[in-house]
Amino acid sequence: MFDSFTDQVVTTAETTIRVRVAGSGPPLLLLHGFPQTHLMWHRVAPGLAEHFTVVVTDLRGYGDSGKPPTTADHGPYSKRAMARDQVEVMQQLGFDRFRLAGHDRGARCAYRLALDHPDAVERLAVLDIVPTIDALERTDLEVANLWWRWFFLAQPAPLPETLIAADPEAFYFGRHHELFSPQALAGYRAAVADPATIHAQCEDYRAMMTLDLDHDRADRGRCRITAPLLTLWGRRSPIDRWFDVEAVWQEWATDVRGHAIDCGHFLPEEAPDRIVSEFLNFFRD
């Protein structure tokens with residue numbers, strides 16, 4: 001995987017970020033989801049690198065990126081902090097403006113980056129999410145029962161960290177392991193074998209329920225994403241039946257297009273050829 005990509009660690013003002021880069025042309029940054037690493041793009045990034053300078057990273061707290069100490073308000077693991085890392089990485093690579101795509105947690109970082117750093121983002125794609133405040137405000141019993149990991153991970157330390165460490169395989173992968181390639185799955189398993197990663201991921205969700213929610217609340221109705229936005233989601237993902245996804249994003253952005261794809265939640269790994277095609281059509285406009 002990623003045979004044609006260079007591999008480096010970029011030092012930012014607050015942490016270190018694992019980075020892989022390949023290709024030429026307009027820069028395109030890809031951000032991964034939970035509980036994955038940049039490896040989730042292994043079926044997508046090489047094809048895109050034929051047309052773009054593709055940058056894939058591990059978010060802070062994940063994979064081989066740094067895991068800075070947390071604070072009482074969980075600020076170091078807010079999407080605002082994660083977005084700052086990614087802007088710095090791209091600037092150090094020579095890109096002040098870039099195309100941006102994220103899945104799951106990476107998509108939450110991506111839309112926060114587009115809100116906080118509008119001059120940096122030319123086009124934005126978000127996969128299988130709606131904004132955090134909309135997801136939480138519309139959560140009912142059915143949603144909470146399926147997305148229980150959100151609320152479990154956000155509990156005060158060290159309860160979730162202790163319980164996850166007892167059987168990380170069951171918690172993180174369970175019935176989903178067949179969706180991932182053996183090499184990618186091995187990488188995910190190695191990452192979550194580190195207690196520091198487990199703690200950082202819990203902090204990610206604690207920040208989601210506090211600062212991320214506050215930041216969304218402050219921006220909703222006042223700040224809009226001006227870059228063209230593509231939203232894609234899985235037709236077999238719960239988000240398809242719970243939300244009018246495109247309509248939700250139209251409340252946040254001025255130029256929105258999107259539709260469901262015939263797969264579940266893990267779009268880049270379940271439908272990689274379709275994602276490459278969608279991204280080429282959108283990001284080459």
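The questions and answers below move from the strands to individual residues.

Tutor: This is a predicted model, in which local features need pLDDT of at least 70 and side-chain atom pairs count only at pLDDT 80 or more, while totals for chains, interfaces and linings use all residues. Residues are numbered from 1 along each chain as its sequence is written, and side-chain values use heavy atoms, with hydrogens and water left out.

Student: In what order do the eight strands of the open sheet lie?

Tutor: Helices (H or I, at least four residues) and strands (E, at least two) are DSSP runs numbered from the N terminus, and two strands pair if DSSP finds at least two bridges between them. The pairing in this open sheet is mixed, and its eight strands follow the order β1-β2-β4-β3-β5-β6-β7-β8.

Student: Which strands stand at the edges, each with a single partner strand?

Tutor: An edge strand has one side left without a neighbour in the sheet, because it has a single partner strand. At one end, six bridges join an antiparallel pair, β1 and β2 (residues 16–23), in which T11 stands opposite T16. At the other end, β7 (residues 229–234) pairs in the parallel sense with β8 over six bridges, and G234 has I261 as its bridge partner. The edge strands are therefore β1 (6–11) and β8 (256–261).

Student: How many residues of β3 are buried?

Tutor: Buried means under 20% relative accessible area, exposed over 50% and partly exposed in between, with a 1.4 Å probe and protein chains only. From β3, P27, L29 and L31 point one way and L28 and L30 the other way, and all are buried. Strand β3 runs parallel to β4, joined by five bridges, and parallel to β5, joined by four bridges. The number of buried residues in β3 is five of five.

Student: Which residue of β4 is the bridge partner of L31?

Tutor: L31 has a bridge partner in β5, namely G102. In β4 (residues 53–57), the bridge partner of L31 is T57.

Student: Is T57 buried or exposed, and with which side chain does T57 make a polar contact of 2.9 Å?

Tutor: T57 is buried, because its relative accessible area is 0%. Among the residues that T57 touches beyond four places in sequence are I17, H38, Q86 and V89, where contact means heavy atoms within 4.5 Å. A polar contact is a pair of N or O atoms within 3.5 Å; within protein, one must be able to donate a hydrogen and the other to accept it, and residues adjacent in sequence count only if both atoms are side-chain atoms. The side chain that makes this polar contact with the side chain of T57 is that of Q86.

Student: The side chain of R99 reaches the backbone oxygen of which residue?

Tutor: R99, in strand β5, counts as buried because its relative accessibility is 12%. Its side chain makes a polar contact of 2.7 Å with the side chain of E122, and the residues that R99 touches include F52 and F283. The backbone oxygen reached by the side chain of R99, at 2.9 Å, belongs to F283.

Student: How many residues apart in sequence are the parts that the pair of F52 and F283 ties together?

Tutor: Rings of Phe, Tyr and Trp (its six-membered ring) pair if their centres lie within 6.5 Å, with planes under 30 degrees apart counted as stacked, over 60 as edge-to-face and the rest as tilted. The structure holds 19 aromatic pairs, among them the edge-to-face pair of F52 and F283, at 6.4 Å centre to centre and 80 degrees between the planes. Because F52 lies in the loop between α1 (45–48) and β4 and F283 in helix α14 (residues 272–283), the pair ties together parts whose separation in sequence is 231 residues.

Student: Which arginine lies over the face of F171?

Tutor: F171 belongs to an aromatic cluster formed by F34, W148, F152, F171, Y172, F173 and Y205, and both F171 and Y172 are buried. A charge sits over a ring if NZ of Lys or CZ of Arg is within 6 Å of the ring centre and within 35 degrees of the ring normal. The arginine over the face of F171, at 5.4 Å from the ring centre, is R149.
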